[in-house]
Amino acid sequence: FKIDMKKVVAVIQARMGSTRLPGKILLEIEGKPLIQHIYERLKNIQLIDEIVIATTNSSNEKYLEDFAKNQKISLYKGKESDLANRILEAAHSVKGTVIVKINADSPLIDTKLIYQGIKKYFNATQEPDLVTNTIDKKFPEGLQFGIFNVTSLEKFCYSEKSNFWREYFFMYFIENQDNYSIQNIKSNVDLSNIRLTVDYQEDLDLIRKIFSNLYNTNPFFGLEEILELLEKQPKLLEINKKFVKNSFSTYEEEKSDYLTKEKS
């Protein structure tokens, strides 16, 4: 299939209402809001045609809207209770046909890795439903991404009515991979004991330290440079070590609640 017929849109899933670290996506790292680092990294990936922030139509999002307006970044507001549709509509709003989905609490996304993922998507003989690096759960928390075929996400939104799966649509694709064409990017080393996402103050402290060591040399430093730094300064990992439980554990807990309710 032809790459020039496709429009690759990076959708940053963002909302201000974080309970654990309120307003985290606008907290500063090296003098810039966290989400701006994500935006700049995505902008640096040549195969991405446009970037849009997908947020909710809740009144809490005012500061995020102001940020997007000031930075001239497209922003789409959708239903708070329907993540899959929010991501899809955000892509529709800029006529995207391929979605690179990124979480707004991951300022260390690796541009080389995402570039590799997009190449994998376009090098496939048949257009995949999803290209991701999450299946074997070996990458650090905070480096995950999913590259979705818009048509596949449309079909999902049309057919899947459960609120639980519409929230965890990424996991739905992975759990039903027999029904989908999914390509996975593997990590040769298990790095799942490294946490590079921001949910707690300690996460932010670690990420600020990583940035202060690496950002000035290369603002788009990636996993390779981070691992070199952590080898030299292994104590850094102590900062947020107590939170290194896989993000999948929250999902597993909620899924078991959901399935129990389904049965009853």
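Eight nonpolar, six polar and five charged residues make up the lining of the second largest pocket (Ala, Val, Leu, Ile, Met, Phe, Trp, Tyr, Cys and Pro count as nonpolar, Asp, Glu, Lys and Arg as charged, and the others, Gly among them, as polar). This is a predicted model, where local features need pLDDT of at least 70, side-chain atom pairs count only at pLDDT 80 or more, and totals for chains, interfaces and linings use all residues. Residues are numbered from 1 along each chain as its sequence is written, and side-chain values use heavy atoms, with hydrogens and water left out.

Let's stay with that second pocket for a moment. A pocket is an open set of points on a 1 Å grid over the protein atoms alone, with protein on both sides within 12 Å along at least five of seven lines, and lining residues have an atom within 4 Å of a point. Here the volume is about 320 Å³, meaning the space filled by probe spheres set on the points, which are joined across faces, edges and corners. Of its 19 lining residues, Asp110, Leu113, Phe139, Leu223 and Glu224 lie nearest the centre. Helices H4 (111-123) and H9 (223-232) each supply at least two of the lining residues; helices (H or I, at least four residues) and strands (E, at least two) are DSSP runs, numbered from the N terminus.

Now for the largest pocket, with about 1300 Å³ of space. Its lining counts 42 residues, and Gln13, Arg20, Asn103, Asp105 and Tyr168 sit nearest its centre. H10 gives the most to this lining, five residues. By class, the lining has 15 nonpolar, 13 polar and 14 charged residues.

Notes: 1 Å grid on protein atoms, 1.4 Å probe; cavity = no way out; pocket = protein on both sides within 12 Å on 5 of 7 lines; lining within 4 Å.
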